[in-house]
Amino acid sequence: MEAALKKPRWALRAVVAAAAIAGLYAAGLGVQAGFIEYVQRIILLAGINVILAVGLNLINGTTGQFSIGHAGFMAVGAYAAAFTGVHLAPHVASLLGAGSTADAVTFNVALLVGALLAGATGVLVGLPSLRLKGDYLAIVTLGFGEIIRILLNNAQFLGAATGYSGDSAAGLPAYTSFFWVFFWVLVVVALIRNVTFSQTGRSLVAIREDEIAAEAMATPTTRLKVLAFTLSAATAGIAGGLFAHMQSGIRPEDFRFDKSIDMIVMIIVGGLGSISGAALGGIFVAVTLEVMRDLQQYRLVLYALLLIVIMLVRPEGLLGSRELGLALFRRSSKKPGAT
Amino acid sequence: MTLVGRRWFCIAGAALLASFSACKKPGGGAAPGGSGSVTTNESSGLIVGHYASLTGNTAHFGQDTDKAVRMAVDDANASGGVLGKPVKLTTLDDRGDTAEAASAVTRLIDVEHVNALIGEVASSLSLAGGRIAQRRGIPMISPSSTNPKVTQVGDYIFRVCFIDPFQGKVMATFARNTLKLDEVAILKDVKNDYSIGLADTFKASFTALGGKIALEQSYSAGDTDFSAQVTAIKATKAQALYVPGYYSEVGAIARTARRLGLKVPLLGGDGWDAPELFSIGGDALNGSYYSNHFAPDGASPKGKAFMAAFKQKYGTEPTGLGMLGYDAAALLFDAVKRAGKLDGAAIRDALAQTKGFEGVAGTITMDKDRNPEKAAAILKIVDGKAKYEATVGP
């Protein structure tokens, strides 16, 4: 019974995935033709913010740990992806012939290397520090983010303080496009959603609600926290790689402490613990700052004011802990799960 | 959530939506009407975009430059504008952030339809914006980014300040030809590209002029003890010590040198140019020399007139960044007049052919790498104050 049910589900999923990718591709062409570069840029930045926010939400929202070093993971991913891309591109081009296929292969391998390295850094930081709680963990993650930035500031082969932009005068190749940003948004959101609504995800929520009780129920709290941390770090790495190849050059100052705070603003404004809330928060931050650009130096004042108003009016964030648009999804996926 | 709360939330949301739709219009419609106070249309004159850090860690850089650029625009408009039409200036803030700088430049090109760009002070931000300007074929002038990489981005990118290594050459010429020194020791910051670049060109130029480098020593930014290096230098016959670092360490090095009895003058670059130099170094720096983009008391009549006008308008003395910001804008207007049209390629060609343009911070002739060949000022420290000593040409 179960095997018979599973087959069409896999087929259905493949069809849905193919349709999503085709839709993304078409949307990408439409965006490229229909919008000026400036608007396209905001859309890409919003997509990258969504990845960052949804990833960070797994730690800060779902698991209830307070990490303020997310920019550090993003930096690791950005530098690793940029470095890999620059050194891999000639080899891939000689193997596949220069062109968009070679670019796509190089780009995605570079992104995955960035994600892997960022994830590995996540384990490295997480293992010793995730026994800490609350403010103490926050300080450790803050310190980690600063260490990464200072290391990069002194790494001569990565351009030190001037930043890394490859060997060409034009900077890093502009691989980042609408298609690839939102392809990775889909992958990351699907991954985080599946983790959140799995048994592991329930255990993570249990850790957030009461860590001692969770431990008493034989939940391996440290291991799960490291898992969440690693996954979150890896997604930040992907966002970093996308950012690097959109920016044509990266420098350590791009991943300052403020950047981590920006990400925390995204998930708190969107609604802590909600995936769609985090996504909305990411888009909110990218769009609001651009919309207010004409206000010059008063822009940041108004932005801060807006955040204060939101927090006063909706302390739980724009969406609270609700999920938007996933209700339909969940109902259909619950039925077969019940058998 | 109370009813009142929800209403507030709706108002905030509506305000946000309204401002977003107001901003979208210029992109969608055929007429590129800008937003805010800036209106642009095809028949108007030169539109200049300036991106600067009006907020953030380097806010004073951007604000100083923007004041001077505004003055240049006002001056141009007071004398009839450029190509018979008034110049329009749009300044956008980039928070000192590379992603924001790239967004600001894209917006200036796509939404404000600028003909040329001015910016930035920090080299990494000029690189981020410059790559976009180059790709879109919009000429850009950086007022004060000294990293050589900036103009290497492409043929649309210019600057009005000299690049870092040039100062090493200037100081070598001054030390050899004016001070008549035979042997000089070098103490450089090994973690700083700026310091290494200056030290290397100084060494090459000084030896080419027949001088000798007595000893080369190094330190790292953040060091507090320099007695080992100073003692080693004292043992040589060096007649001066070249320290192309930043003011924070230079002050301490000068104090150490005097304490250990090394009495030779110190030589340096524009990294010295900060009031803090004297609060850290005190009397120990008297008799030392450093090179800079300009010297207030050695300015040309044009420079002095600008400084007086700036002080009258804003109530403060202009900084070196301000002088260069004014020159960037003034050179752009001059080039557009010479080009005779607002076409990006024509402005680029006119900029590249700049010869003997008299700015407020020196006379500019563009070399083939789009860096200006201009004289640097040498300042001497007398009684805890920097005084103009000489001008050394390229």
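## Helix packing around α2 of chain A

In chain A, the α2 residues A:N49, A:L52, A:A53, A:L56, A:N57, A:N60 and A:G61 meet A:M263, A:I264, A:M266, A:I267 and A:G270 of α10 (two residues are in contact if their C-beta atoms, placed from the backbone, lie within 7 Å; helices, H or I of at least four residues, and strands, E of at least two, are DSSP runs numbered from the N terminus). By class, this contact of α2(A) with α10(A) has 7 nonpolar, 5 polar and no charged residues (Ala, Val, Leu, Ile, Met, Phe, Trp, Tyr, Cys and Pro count as nonpolar, Asp, Glu, Lys and Arg as charged, and the others, Gly among them, as polar). The model is a predicted one, in which local features need pLDDT of at least 70 and side-chain atom pairs count only at pLDDT 80 or more, while totals for chains, interfaces and linings use all residues. Residues are numbered from 1 along each chain as its sequence is written, and chains are lettered from A and ligands numbered from 1 in the order in which they are written.

The axes of α2(A) and α10(A), the latter spanning residues 257–270, are 9 Å apart and pack at an angle of about 75° (axes are lines fitted to C-alpha atoms, for helices over the stretch in contact, and angles run from 0 to 180 degrees between N-to-C directions). The two helices are therefore roughly perpendicular (65 to 115 degrees; under 35 counts as roughly parallel, over 145 as roughly antiparallel and the rest as oblique).

## The partners of α6 in chain A

Helix α2 (residues 37–62) of chain A also packs against α6 (residues 178–196) of chain A, their axes coming within 10 Å and crossing at roughly 15°. This angle makes α2(A) roughly parallel to α6(A). The crossing is left-handed (the near helix is turned anticlockwise from the far one by less than a right angle; clockwise would be right-handed). Among the contributors to this contact are A:I43, A:G47, A:I51, A:V54 and A:L58 of α2(A), together with A:F178, A:V181, A:W184, A:V188 and A:I192 of α6(A). The contact comprises 15 nonpolar, 5 polar and no charged residues.

Helix α6(A) has a further partner in α9 (residues 221–247) of chain A: the axes come within 11 Å and cross at roughly 175°. The pair is therefore roughly antiparallel. Here A:V181, A:W184, A:V188 and A:V195 of α6(A) meet A:L231, A:T235, A:I238 and A:L242 of α9(A). By class, 7 of these residues are nonpolar, 1 is polar and none is charged.

## Chain A overall and its interface

Chain A has 13 helices and 0 strands. Its radius of gyration is 20 Å, close to the 20 Å that the globule rule gives for 339 residues, so chain A is as compact as a globular protein of that length (the radius is taken over C-alpha atoms, and the rule is 2.2 Å times the number of residues to the power 0.38). The C-alpha atoms fill a box of roughly 55 × 50 × 40 Å along the principal axes.

Across the interface, 31 residues of chain A are in contact with 35 residues of chain B. On the side of chain A, the elements giving two or more residues are α2, α11 (275–291) and α12 (299–313). Helix α12(A) supplies the largest share, 5 residues.

## Sheets of chain B

Chain B contains an open sheet of 7 strands with mixed pairing, in the order β7-β6-β8-β9-β10-β14-β15 (two strands pair if DSSP finds at least two bridges between them). Strands β7 (212–219) and β15 (385–392) of chain B stand at the edges with a single partner each, so one side of each lacks a neighbour in the sheet. The twist averages 25° from one strand to the next. Within this sheet, β10 (residues 289–292) and β14 (residues 376–382) of chain B pair in the antiparallel sense over 4 bridges, and B:S291 has B:I378 as its bridge partner. Helix α6 (residues 164–178) of chain B lies across β6, β8, β9, β10, β14 and β15, running at about 85° to β15(B).

A second open sheet of chain B has 3 strands in the order β11-β12-β13, with antiparallel pairing. Its edge strands are β11 (357–359) and β13 (372–373) of chain B. Strand β12 (residues 362–366) of chain B pairs with β13(B) over 2 bridges, and B:M366 stands opposite B:P372.

## Backbone exceptions in chain B

Most residues other than glycine have a negative phi, and most peptide bonds are trans. A cis peptide bond joins B:G119 and B:E120, with omega about -10°; B:E120 is found in the loop between β3 (116–118) and α4 (123–136) of chain B. B:L83 has a positive phi, near 55°, and is placed in the loop between α2 (59–78) and β2 (88–93) of chain B.
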